[in-house]
Amino acid sequence: MTYLHDPTFWAGRRVLLTGHTGFKDSWLSLWLKQMGAKVTGLSLAAEETSLFRQAQIDAIVDHIEGDIRDLPTCVAAVERCDPEVVFHMAAQPLVRLSYETPVETFATNVQGTVHMLEACRQAKSLRAIVCITSDKAYENREWLWPYRENDPMGGHDPYSASKGAAEIVISAYRRSFFSAEGAAGLASVRAGNVIGGGDWARDRLIPDIVRALIAGERPLIRNPRAIRPWQHVLEALGGYLMIAEALASGKSWAAEGWNFGPADDDTRPVDWIADRMTEAWGVSGWDSPGTAADRHEAHNLRLDCAKARSVLGWRPTWGLDEALRRIVSWHQTVDRGACARATSLRQLAEYREKFQQFQSGSA
C-alpha cells in the first residue's frame with residue numbers, strides 16, 4: 001500500500017509555518033498537530049471571520065503575530081522555533097486586491113520570501129524548506145496546454161508577477177545557499193485554486209458563493225467562463241507534506257519546483273462550479289453582472305502534474321464533485337453550530353482513509 005505520507009515522521013517534529021492564520025495553513029496546522037508535530041506559526045493577526053478563529057488554531061500551535069516584511073521578526077521566529085521543517089505560506093493571496101495594493105503585494109510576496117529564506121540560513125537544525133507560491137507564477141499565455149515545472153515564470157497582474165518573482169528568489173537562494181552538502185533542502189510548490197471549508201477570503205469564488213448562500217441570496221458570479229484548476233485544499237497539502245518528508249530525509253531530487261493540481265477533467269469553468277454549489281446547497285440559480293471584469297484576470301490556466309505523479313506517486317483523491325460536496329457539508333454543519341475544529345478533523349480523517357484505499361486500488 002502507498003501512503004500519502006508517513007505520520008510517524010512528524011511525531012515530535014518542530015515545524016514553523018508562516019501565514020498560519022490563513023485558510024490553507026489552518027488546515028495544515030490541524031493536520032500536523034494530528035500527527036504529533038510541534039507547530040509554531042508566524043503571521044499577521046487573523047481576520048475576525050476565519051478558519052483560524054473558528055477552529056481555535058491558536059490553542060494548538062505556538063502563535064506568533066508578526067509581519068514577514070520585517071527581517072528581525074522572521075529571524076526571531078526561527079530562533080524561537082528552531083525548526084526542522086519550514087512551510088512558508090504567508091502572502092498577499094488575492095489577484096484583485098493586488099491591483100489596489102501593489103506595493104504591499106510585492107513587499108509581502110517577494111521581500112517577505114527573501115526575509116524568511118535569509119532567516120532560515122541561520123537555523124542549524126533545519127532540514128527542509130517548502131515555499132508555497134501559486135499556479136499563477138507561470139507566464140500565462142492563455143493556451144490550452146498545461147504548464148510544466150520548467151515553463152517560464154511571469155505574471156500580468158501584481159499578484160501573479162510577485163509569485164513569479166518569488167520563484168526566482170527561491171531558485172537563487174537554492175543555488176546560492178541551500179545546495180551545499182548538509183544544507184537544508186529547498187523546494188517550491190505550486191497548486192491550483194484550492195478550495196475547502198472555512199475559506200472566507202474576499203473576491204474568491206467559493207467563499208463569495210458560500211457567503212451569499214448563508215445570507216439567503218443568489219450568488220453573483222463575476223467571470224462565469226473563466227477556467228481554473230480546482231482542487232480540495234487537502235490534495236495540495238498532502239503533496240507539500242510529501243515534499244517536506246523527502247527533503248528532510250536528504251533526497252536532493254526533491255529540491256525543485258513541483259506542481260500539485262487536479263485531474264484534467266476537474267479543470268472547470270466558473271459557471272460549472274456555481275451550478276454544482278447551488279444545487280448541493282439546495283437552492284437554484286446564480287446571477288452574473290453581464291459585463292466584462294474591470295481588471296485583467298487569467299481566463300485559462302492548467303497545471304501539468306505528471307512529475308508529482310511519476311516521482312512521488314501523488315495523485316488527486318477527491319474529485320471536484322466530492323470536494324464541492326465536502327465544502328457544502330462543512331459550512332452547513334458549522335452553520336448549525338457544530339465545532340469547526342471537530343468538523344475539519346473528521347473530514348481530514350476521511351480524506352486520509354480514502355487516499356489509502358485509492359492508492360491500494362481498493363476504493
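**Reading the core, the sheet and the helices**

Modeller: This is a predicted model. Apart from its neighbours within four places in sequence, Tyr-240 is in contact with Lys-24, Phe-87, Met-89, Val-130, Ile-132, Val-189, Ala-191 and Phe-260.

Biologist: Which residues touch the most other members of the largest nonpolar core?

Modeller: In soluble globular proteins, nonpolar side chains tend to be buried together. Here the largest nonpolar core has 61 residues, and Trp-10, Leu-32, Phe-87 and Tyr-240 touch the most other members. Helix α9 (residues 233-248) supplies the largest share of this core, 12 residues. There is also a second, separate core of 26 residues, with Ile-68, Val-110, Leu-117 and Phe-178 among them.

Biologist: In what order do the strands of the sheet lie?

Modeller: The open sheet has 7 strands, in the order β3-β2-β1-β4-β5-β6-β9, with parallel pairing. At its edges are β3 (62-65) and β9 (257-260), each pairing on one side only. From one strand to the next, the twist averages 20°. Helix α7 (residues 158-177) packs on this sheet and touches β5, β6 and β9. The direction of α7 makes about 160° with that of β6.

Biologist: How is the packing of two helices described?

Modeller: One gives the angle between their axes and the distance between the axes. For helices α8 (residues 205-214) and α10 (residues 270-281), the angle is about 35° and the axes are 11 Å apart. Their crossing is right-handed. Among the residues making the contact are Leu-205 and Ile-209 of α8, and Ile-273 and Trp-281 of α10. By class, this contact has 11 nonpolar, 1 polar and no charged residues.

Conventions: Residues are numbered from 1 along each chain as its sequence is written. This is a predicted model: local features need pLDDT of at least 70, side-chain atom pairs count only at pLDDT 80 or more; totals for chains, interfaces and linings use all residues. Side-chain values use heavy atoms; hydrogens and water are left out. Axes are lines fitted to C-alpha atoms, for helices over the stretch in contact, and angles run from 0 to 180 degrees between N-to-C directions. Helices (H or I, at least four residues) and strands (E, at least two) are DSSP runs, numbered from the N terminus. A crossing is left-handed if the near helix is turned anticlockwise from the far one by less than a right angle, and right-handed if clockwise. Contact means heavy atoms within 4.5 Å. Ala, Val, Leu, Ile, Met, Phe, Trp, Tyr, Cys and Pro count as nonpolar, Asp, Glu, Lys and Arg as charged, and the others, Gly among them, as polar. A nonpolar core is a set of buried Ala, Val, Leu, Ile, Met, Phe, Trp, Tyr and Cys residues joined through side-chain atoms within 4.5 Å. Buried means under 20% relative accessible area, exposed over 50%, partly exposed in between (1.4 Å probe, protein chains only). Two strands pair if DSSP finds at least two bridges between them.
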